[in-house]
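Hello,

Here is the structure I promised to pass on. Have a look at it first, and then read my notes below.

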Amino acid sequence: MKNIGAVALNTFREAVRDRVLYNLVFFALLMIGAAILVGQISIGIEEVVIVSLGLSAISFIGLLMAVFIGVGLVSKEMDKRTIYALLAKPVRRWEFLVGKFAGLIFTLAVNTAAMAAGLFLALLYVRHTLQRSDAGLLVAVYFILLKLAIVVALALLFSCATTSLLSILYCAGFYVAGSFVQQMRTLRNDMAGPAAATVMRWLSYLLPNFENFSVTGPVAHGVAIPGALILQTTLYAALYCVVLMAAAAIIFSHKNLK
Amino acid sequence: MLVNNGIMPGSAIEIENLTKEYPYGFLHLKKKTSLEGLTMQVETGEVFGLLGPNGAGKSTTIKLLMGLIFPTSGRARLLGKPTDDVEMHREIGYLPEQPNFYDYLTAAEVLDYFAKFFNFTAAERKERVQRMLKKVGLETAGKIQLRKYSKGMLQRVGLAQAILHDPRLLVLDEPMSGLDPVGRREVRDIILELKHAGKTILFSTHILSDAEMLCDRVGVIVGGKLQGVGAPGEIVDITAQKMEILFAVAGGGLIGAPLLANATRTGDRYRLQVAEEELYGALAQLRDAGAKILSVAQVKPTLEEYFMHLVAADRAQATAVEVSGK
């Protein structure tokens, strides 16, 4: 646990020192601009537009960070040869992987929290007050973070098995496919043929269903998210992360670090 | 003496028939052998030099020992533990070849990070980090980010992290590369200091004078195969001894032609190499001719010559195989 913490802290420190968090400035400017603009052009639905725009931006920026930093977590250490001295310490390879994962999740959490704060400020600007239903926004942001955790685990798994460029492509592919899981399940035989439909259905149960993490619609309209759904979604994300990380650890433990 | 699984407890490193092949080609059907059937031991308290040209298999051997790559066959034990035992690293220090560390950290931060993997308290870590920085001559540069470091400075950080936890066994991959003469001397002094403290040291190098100066024994690897192991002196002694006479002749041209023909002249001095048994005859001739003898010294064939001889033999064999293969 101590080893995982040390690796995680170093991963977070790398993100900070490499100025990854500068994107927050960009996000803040975007939100301020949007709040002013939306306040002028939309009458009555400013809140809905700002919440939708804000959550989409948080999700998009988070995804970019999760994929690009996630893919580099291990491969950068190998390319720069920094991993040799580290793995010659009493550190297990899976501890290194889990530490890297935890470090990036922590970075993303800080990042997402700061962006959420920006979103609340934008809401305050147009409405001059916060309401009880705004707590739903926190749930939406939390769900985005859960989604990002799965994406980071995917990025780690791919980068343990293949090159960085392919890993980015696979991550993008899985993310897009995982966003259409519901359509895959309901695909009818007469549209694709029975074999393709069966493959699609199996695939839809294997792929992480990223639609589970999107609650932008209800939240934007002030609909409360039930506690059971929060728990269920958390467990769903945790299960995927554990399976993906276990696979990554198995591959990485047998890797020759040439 | 106690015998543990047939391995003498005195050996710090036991390598048995270690082989590493890398598959290559599109379908990974072809194999390149980086290391072939390496068997050797490094005794406790010994400084052992692994010699060989670039690409000979030195780094492959060291990475196999460190568990960074996995052998195709064979096995190795360090301090009595197999290489896949992570706990063995508590007592082993490793300096990678051309070491590189997190360039966004300072030297002190990198050392502190590595120290966290051992059971030190925060105060102990701080004290150790400062002591190690001082030892490798980086005490003034400890607060600068590593991205501003030169290659030689990184090498020093590498050495500091290898000895940080006071290990019993040190494995150093090219510890002297990238250093200027002063740096080399300092690293040599550190290695000697560690040796006197009773540490076992395995280091690889292609610089033979370092090995001659530091090692109790050396092993020469060429083409993935161990070509010979022994004390530097033993390996040197295998070739015939020669003597070198340095002399000056006042008038010039007084000495018998046969001797002068073999001598090389620099200004008014002559340098002459003769076989050991011909030494006194040559000296007598020089005395009779009125030459002034400046020095008589044994010509030691260096490890370098031995090394070149082995490399040449390996290439000749490889060529022969290629030719016969056609």
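To start with one residue: does A:Pro208 count as buried or exposed? A:Pro208 has 25 C-beta neighbours inside 10 Å, so it counts as buried (buried means 20 or more other C-beta atoms within 10 Å of the residue's own, exposed 12 or fewer, partly exposed in between, with C-beta atoms placed from the backbone).

Before the rest, some housekeeping. This is a predicted model, in which local features need pLDDT of at least 70 and side-chain atom pairs count only at pLDDT 80 or more, while totals for chains, interfaces and linings use all residues. Residues are numbered from 1 along each chain as its sequence is written, and chains are lettered from A and ligands numbered from 1 in the order in which they are written.

Back to A:Pro208, then. You will find A:Pro208 in the loop between α10 (194-206) and α11 (216-220) of chain A (helices are DSSP runs of H or I, at least four residues, strands are runs of E, at least two, and both are numbered from the N terminus). Leaving out residues up to four places away in sequence, A:Pro208 touches A:Ile150, A:Gly178 and A:Tyr240 (a contact means C-beta atoms, placed from the backbone, within 7 Å). A:Ser179 is 29 residues from A:Pro208 in sequence, and their C-alpha atoms are 8.4 Å apart.

Chain A as a whole has twelve helices and zero strands. Its radius of gyration is 20 Å, close to the 18 Å that the globule rule gives for 258 residues, so chain A is as compact as a globular protein of that length (the radius is taken over C-alpha atoms, and the rule is 2.2 Å times the number of residues to the power 0.38). Along the principal axes, the C-alpha atoms of chain A fill a box of roughly 60 × 55 × 30 Å. Of the 258 residues in chain A, 39% are buried. Taking contacts in chain A between residues at least 6 apart in sequence, 82% join residues at least 24 apart.

Chain B has ten helices and 14 strands, and 39% of its 326 residues count as buried. Chain B splits into domain 1 (11-236) and domain 2 (242-299), with bounds from an automatic or database domain assignment. The centres of these two domains, over C-alpha atoms, are 46 Å apart.

One helix to look at is α1 (residues 58-65) of chain B: eight of its eight residues are buried, so α1 is largely enclosed by the rest of the structure. After α1(B) comes B:Gly67, with a positive phi near 75°.

Chain B also has an open antiparallel sheet of four strands in the order β12-β13-β11-β14 (strands pair if DSSP finds at least two bridges between them). Its edge strands are β12 (264-266) and β14 (292-299) of chain B. Strands β11 (residues 242-248) and β13 (residues 269-275) of chain B pair over seven bridges, and B:Glu244 has B:Gln273 as its bridge partner in β13(B). Helix α9 (residues 279-288) of chain B packs on the sheet, touching β11, β13 and β14 of chain B, and its direction makes about 10° with that of β11(B) (axes are lines fitted to C-alpha atoms, for helices over the stretch in contact, with angles from 0 to 180 degrees between N-to-C directions).

Finally, the contact between the chains takes 20 residues from chain A and 21 residues from chain B. On the chain B side, α2 (107-115) and α4 (151-163) are the elements that give two or more residues.

Best wishes

Key. Contact = placed C-beta atoms within 7 Å.
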